[in-house]
Amino acid sequence: MGKTTTAINLATALAATHRRVMIIDMDPQGNASTGLGLATAARSQGSYKLLMGDATPREAARPTAVANLTIIPAGVDLAGAELELVAEMGREFRLREALKGQLDGIDYVLIDCPPALGLLTLNALVAAHAVMVPLQCEFFALEGISHLVKTIDRVRQVFNSTLEIQGIVLTMFDRRNNLSDMVAADVRGYFGSKVYNTVIPRNVRVSEAPSHGKPVLLYDLKCPGSQAYLHLAGEMIRRENGMAA
Ligand SMILES: Nc1ncnc2c1ncn2[C@@H]1O[C@H](COP(=O)(O)OP(=O)(O)OP(=O)(O)O)[C@@H](O)[C@H]1O
Ligand SMILES: [Mg+2]
């Protein structure tokens with residue numbers, strides 16, 4: 001949990017540092033599109049057309065209220081895509097093919113995945129360089145992530161030999177709850193430096209923002225959730241530049 005929230009707010013924080021960022025909403029629920037304020041009418045012709053080879057990323061992208069941030073939205077049409085793709089050749093490579101050579105001038109593409117491991121998620125994993133894993137600090141966290149690690153290994157073997165885990169970010173952290181601390185210590189013990197130092201706290205402002213169609217950074221810049229996502233972007237950029245986090 002926390003995938004869509006992290007996609008929206010990490011993207012916003014990166015865009016605030018003048019990087020050009022694109023979100024691709026690959027979830028038929030369209031939560032990233034809603035959370036960035038896109039009206040239903042503005043959502044067709046998005047990721048569905050991209051997958052079907054009927055639009056380029058540039059044609060499918062829409063501006064957002066955040067400078068330097070665009071989104072390829074998910075409309076109701078995307079819900080049928082998994083079934084439509086099942087019988088197609090190269091069905092796992094549709095997104096990768098659609099993006100190939102089309103991302104000049106864009107620094108980061110963040111793909112928001114649906115909850116289930118279907119063809120849409122698989123397309124995202126095949127197209128991606130790396131996976132950012134938001135991890136909720138709850139009892140079954142390690143179990144969930146070891147399943148995800150196996151999935152990533154399998155995708156790497158079969159479809160995308162360079163896929164890696166970009167990082168793990170602990171989210172919905174509740175410092176009044178001892179379990180959060182225990183889970184965080186376990187995850188850090190197991191995954192070491194793959195885990196970001198930045199922790200995203202449980203913060204009601206973060207959960208309110210999407211109903212206003214805004215990233216939390218625009219809704220309440222000073223709240224702990226916004227500050228944490230700014231820190232996360234900073235830590236990510238420093239890591240990429242090979243600097244100590
Ligand atoms: N740091 C946070 N503090 C409080 N609420 C949060 C926080 N992060 C996420 N939430 C809330 O938790 C819920 C689930 O988060 P989110 O939608 O980001 O998860 P998801 O992984 O995208 O879920 P799904 O698999 O259904 O797409 C949302 O209602 C969101 O507003
Ligand atoms: Mg989501």
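Visitor: Which helix holds Gly 144?

Guide: First, a caution: this is a predicted model, where local features need pLDDT of at least 70, side-chain atom pairs count only at pLDDT 80 or more, and totals for chains, interfaces and linings use all residues. Residues are numbered from 1 along each chain as its sequence is written, and chains are lettered from A and ligands numbered from 1 in the order in which they are written. Helices (H or I, at least four residues) and strands (E, at least two) are DSSP runs, numbered from the N terminus. Gly 144 falls within residues 141-158, which is helix 8.

Visitor: How does Gly 144 count: buried, exposed or partly exposed?

Guide: Count other C-beta atoms, placed from the backbone, within 10 Å of the residue's own: 20 or more is buried, 12 or fewer is exposed, and in between is partly exposed. Gly 144 has 14 such neighbours, so it counts as partly exposed.

Visitor: How far apart in space are Gly 144 and Met 172?

Guide: In sequence, 28 residues separate Gly 144 from Met 172. C-alpha to C-alpha, the distance is 16 Å.

Visitor: Which helix gives the largest share of the shell around ligand 1?

Guide: The shell has 17 residues, the closest being Lys 3, Thr 4, Thr 5, Pro 115 and Ser 207. Near means a C-beta atom, placed from the backbone, within 6 Å. Helix 1 (3-16), strand 6 (164-173) and helix 10 (204-208) each supply at least two residues. The largest share, three residues, is from helix 1.

Visitor: How many residues of helix 1 are buried?

Guide: Helix 1 has 14 residues and spans 20 Å from first C-alpha to last, close to the 20 Å expected. That expectation is 1.5 Å times one less than the number of residues. The rest of the structure largely encloses helix 1, because its buried residues number 14 of the 14.

Visitor: What is the bridge partner of Met 22 in strand 3?

Guide: Strand 1 (residues 21-25) and strand 3 (residues 69-72) run parallel, joined by four bridges. Met 22 has as its partner in strand 3 Thr 70.

Note on methods: Pairing = 2+ DSSP bridges.
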